[in-house]
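Below are some short notes on the model, for use alongside the coordinates. They go from the overall fold to two individual sites.

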Amino acid sequence: MDFLKFLVWTGCAVGLGVFLATGNIDGRTPLEYVQRQWKRHVQPSEVDRQVDRVKDGVRDAIDDAKDAVNRTTKQTSKQTPKQPAAAAPRERITNEDRAEIDRIIAQKK
């Protein structure tokens, strides 16, 4: 009996879903009406805005990295054999950081 109830409720849910997706009321489906109302009355959540900010930040970082690679590639390709090598990119590790890393490596050995 429980299985029969399950089948009936599942059939009703599927039928409702099909009607909402394909039924035609005044030229639009009920799903389209719901989507329009949702877009009109529901404000984008803070999470959506934060996700967009993160995506923009990642895109900017990728663009900056590509520009840096292109800039260094162009500098090295323009050099003639008589010119000195281009300056190495600035290292962001301080002497204190390097000493700490060396100490940690020494501890592991």
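1. Helices here are DSSP runs of H or I with at least four residues, strands are runs of E with at least two, and both are numbered from the N terminus. On that basis the chain has four helices and zero strands. Read from the N terminus, the order of elements is α-α-α-α. Please keep in mind that this is a predicted model.

2. Burial and surface. Of the 109 residues in the chain, 3% count as buried.

3. Thr-29. This residue sits in the loop between helix 1 (2–22) and helix 2 (30–41). Is Thr-29 buried or exposed? Its relative accessible area is 15%, and buried means under 20%, so Thr-29 counts as buried. Which residues does Thr-29 touch, once neighbours within four places in sequence are left aside? The contacts are with Leu-20, Ala-21, Thr-22 and Gly-23.

4. The acidic patch. Asp-60, Asp-63, Asp-64 and Asp-67 together form a negative surface patch. One of these residues, Asp-60, belongs to helix 3, which spans residues 46–78.

5. Accessibility of Asp-60. The relative accessibility of Asp-60 is 47%. The class between buried, under 20%, and exposed, over 50%, is called partly exposed, and Asp-60 therefore counts as partly exposed. Membership of a patch requires over 30% relative accessible area and no salt bridge; Asp-60 is listed among the members of the negative patch.

Note on methods: Residues numbered from 1 in each chain as written. Predicted model: local features only at pLDDT ≥ 70, side-chain atom pairs only at ≥ 80, totals over all residues. Heavy atoms only, no water. Patch = residues over 30% accessible without salt bridge, like charges linked within 9 Å, V, L, I, M, F, W, Y side chains within 5 Å. Areas by Shrake-Rupley, 256 points an atom, 1.4 Å probe, with all protein chains shown as cover. Salt bridge = Lys/Arg side-chain N within 4 Å of Asp/Glu carboxyl O. Lys, Arg positive; Asp, Glu negative; His and termini not counted. Charge placed at Lys NZ, Arg CZ, Asp CG, Glu CD. Buried < 20%, exposed > 50% of the residue type's maximum accessible area, 1.4 Å probe, protein only. Contact = heavy atoms within 4.5 Å.
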